[in-house]
Amino acid sequence: MSAVLQNLVNQPYKHGFVTDIESDVAPKGLSEDTIRMISAKKNEPEWLLEFRLKAYQQWLKMTEPTWPNVKYPKIDFQAISYYAAPKQKPKLKSMDEVDPELLRTFEKLGVPMHERAVLAGVAVDVIFDSVSVATTYKHKLAEVGIIFGSFSEAVHEHPELVKKYLGTVVPVGDNYYAALNSAVFTDGSFCFIPKGVKCPMDLSTYFRINTQESGQFERTLIIAEEGASVSYLEGCTAPRFDTNQLHAAVVELIALDNADIKYSTVQNWYAGDENGIGGIFNFVTKRGLAKGVNSRISWTQVETGSAITWKYPSVVLQGENSVGEFYSVAVTNHHQQADTGTKMIHLGKNTRSTIVSKGISAGHSNNSYRGLVKIAPTAAGARNYSQCDSMLIGDQSGAHTFPYIQVRNNSAKVEHEASTSKIGEDQLFYFAQRGIDAEAAVSMIINGFCKDVFQQLPLEFAVEASNLLSFKLEGSIG
Amino acid sequence: MIYPGSKTILEVRGLCASVSGTEILKGLDLTVKSGEVHAIMGPNGSGKSTFSKVLAGHSAYQVTAGSVLLEGKNLLDLPPEERARAGVFLAFQYPIEIPGVANSQFLRLTYNTVQTQRGKEELDPLEFDDFVREKMKLLEMSPDFLDRSVNEGFSGGEKKRNEILQMALLEPRLAILDETDSGLDIDALRIVSQGVNKLANKDNAMVLVTHYQRLLNYIVPDFVHVMDDGRIVKTGGKELALELEARGYDWVGAKHRGAAPKVVAKVAA
C-alpha cells in the first residue's frame, strides 16, 4: 500500500477517551451469586431471576462457537465484571440531575441528552456501561401510548409486557452469548408501540462502555402491535483500552399484523490499535419475529468498529406476506475481524426477504459475510434476493462469503449475487488524472459502493455513516 | 495544425523510466507546440503506453533520467492530480468503472476540482447539468449517460466517448489519447474523432498514441513519430503513417537497432 493509502486508513479513533466518574463496579467473576447480586441490585421480580438462572444453567452446558471465521484468545469469563454503573442518585427527576460529567461525555460524543439539543426530534435512551442513565422525550411519547425507556424501568412499570415477550424471539439457550446475556444482562432499552400508532419520531439508544474491566450485556426489546410502526436507531462507542472488552447484547423485535419495525445501527466500538491490541469483542444476537400478516422488519447496519464482530441480525418470517430486510455495510481495517450477515427464515406463505451486504476490508483485516436463507415447507411462494459485494483495499486484507441456502418448498424463488472488487493504484490513478486526490477518490468509491445501504438509513444517520467511513478509511489508500 | 511562432507546450528530453526494475523508456525526446497534433506509433512493447502513463504520473513507473516540462514547468515534480490540474489530460485505454457513483456526480467533482485549482468558479448541480449536456451533444451522447454509474456496463465505444467528454469539460493544455481507437467500431470512431477535432485549437495540443493508421484518417496529425525500444526513432509527417501501414514497423526498428544481431535462444525443454 502506498503512503497516501496508509495515512488515509490510519486515523486515530476519536471516541477513545475515558470519563472520570465514580462507578459502582461489581467484583469480577460469574456465578449464581453474581446473578442474584445483579437481580437484587435491580430489585427484580422473582420470575426474572428465574429466567436468568435458567439461562445460566444452560450456558454452563454450552461451549463457545468455533465456526466463525475469527481468531482470538480464549475469553476468561471469570475475569470480567458483570456490573458497572455510575454512582448517582437513585431516581432522577429531570435531565438536570444527570451527573454533569456524564452530560459532557455524551455531548463530546455528539449525543444530545437535553431535549432542546441538536438532534431534536429523536428520542434517545442513553446506556452507560451497565445502566440506562437517561431517556429523552419519554413523556411526549407516552401521550400517544408509546412506552420507551430503560429495560429496568419497564420491568417494574410494565412487567406483564416484558414477561410476555422476553425470550420469545431469542430463547435463553439460543446460543452461547445469548445465554450469557440472558443470565447477566443489566439494562437496555424497551419500546412498545401500541396498536395503530405510528411513532412520531425516531427512537434511539446510545451505548457507551466506559469501564475497562466490565462487559456490557444489554437487552433490547421492541414490540410493534397491529398496524404500528417505528424507526429505531442505535449508536455505540467505547474508550481506547489496551485490553479487550466483551459486549454481548441481545435484541428482540416483534412485529404483529401489518406492523413495521426499522432498526438501524451505526456501530463504532473501539476497534483496537493498528497492531490489533485492545478493542471490543462484539458478540451480539439480534433477531426479529415478523409474526403478523404483512408485517415488516428491516435491519440496516453500518459496522465500522470492534476488534471482532460476530452478529447476524435475522428475521423469522412467520406471518403471511411478511417482509424481512437486511442492509449491511461492514468495514474492517488494521487487524479487525468481522463475521457478520443475516438469517432469513421463511415460514409463512408469500414471505419476501432482501439481503444487501457490502464488506470493505483494508489493512490486515478479515471481513466475512455469513448468511442463511431458509425456506420452510410451509413457505409457499417465498422469495429471497441476496447481493453480497466485497471490496478490498490494499493487498493484505481478506474478504470471504459464506452463503447458506436451504429450500424446502418448490414454489420458492431464491437469488444470490456476489462480487469482489478492489481499490488499487489504477483506480486512484484514474481519479488523480482527473484532478481528484486520493482521499476524495476513496470517499467517492466507498460511498458509491455502499449507496444501496446508506439510502436505507435515516438522513442524519446516513450522513454520519458516510463521514465515519471516510474517516475510518482515511489513509488506507494511495 | 502548425501555427508559426506558437509556444512550446511539452518538452521531453532524454526521458528514461522503468517499471519494477525493468527499463522501458530509454532516452525519449519530444517537443510539442500549441496547436499541434502528434501521433506516436510503434509496435507492441515499444513503450508508447508507458510514455503516456509516465507523463500523467502513474506511481508504478519510476523516472530514472531526463526531464519533462509543461509550458516550462517541471512536470516530474508534481503528483498526478496536480499534473491534471496543470492541464495534462490522459484519455485512458481502459477507463475504470465506479459502481454506485453517478456519472454526473463524478464529472461534476472532477470539473469543479480542476476549476477551483485554476481559480475559477465552481458550478452547482443545476448549472453543471446545463453545461455538461451541451458538451455531450458534441459526442452524440444520450442524457441517460449522466444517471448511469461511471463506466459501469458501458460498451467500449461509450467508455471512450465518456473519456472525450471529460476532456471537453477539463479543457486541457495537453491531451494524450492512449489507444483511443481500440475497441471502437466505425461509427464510434467517427464520433470520437469528430469530438477530438472540435476540441483541438491553437492553444492546446494533442498526442495520439495508436497502433493503427485508421484513427489518423479521422484525426490528421501534423507529426508522426515511431517509437521503438523506448525511444522515438523516426519522425515524419502524416504520410509516414501510411508508409507504416503498408510496410509495417520492422524496417524502422531494424534501422534503429543497427547491427545488433538478433539472437533467439531456445532451450529445449
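**Notes on the model**

1. Let me start with confidence. Chain A has a mean pLDDT of 84, with 80% of its residues at 70 or more; pLDDT is the predictor's confidence in each residue, from 0 to 100. This is a predicted model, in which local features need pLDDT of at least 70, side-chain atom pairs count only at pLDDT 80 or more, and totals for chains, interfaces and linings use all residues. Residues are numbered from 1 along each chain as its sequence is written, while chains are lettered from A and ligands numbered from 1 in the order in which they are written.

2. Within chain A, the mean is highest in strand E16 (residues 314–317), at 98, and lowest in helix H1 (residues 3–9), at 48. Helices (H or I, at least four residues) and strands (E, at least two) are DSSP runs, numbered from the N terminus. Residues 1–6 of chain A have pLDDT below 50, and this stretch has 17 contacts in the model beyond near neighbours in sequence. Residues 114–120 of chain A are also below 50, with seven such contacts. Two residues are in contact if their C-beta atoms, placed from the backbone, lie within 7 Å.

3. On to chain B, which holds nine helices and twelve strands. Its radius of gyration, taken over C-alpha atoms, is 19 Å; this agrees with a compact globule, because 269 residues would give a value near 18 Å by the rule of 2.2 Å times the number of residues to the power 0.38. The C-alpha trace of chain B spans about 65 × 45 × 40 Å along its principal axes.

4. In chain B, 43% of the 269 residues count as buried (20 or more other C-beta atoms within 10 Å of the residue's own, with C-beta atoms placed from the backbone). Of the contacts in chain B with a separation of 6 or more, 72% join residues 24 or more positions apart.

5. The largest nonpolar core has 190 residues, and those touching the most other members include Ala224(A), Leu253(A), Phe89(B) and Ile176(B). Helix H10 (residues 438–454) of chain A gives the most to this core, with ten residues. A nonpolar core is a set of buried Ala, Val, Leu, Ile, Met, Phe, Trp, Tyr and Cys residues joined through C-beta atoms within 7 Å.

6. Leaving aside neighbours within four places in sequence, Ile176(B) is in contact with residues including Ser52(B), Phe89(B) and Val209(B).

7. Finally, the interface: 17 residues of chain A are in contact with 23 residues of chain B. H9(A) gives the most to the chain A side, with seven residues.

Technical notes
A residue is buried if 20 or more other C-beta atoms lie within 10 Å of its own, exposed if 12 or fewer, and partly exposed in between; C-beta atoms are placed from the backbone.
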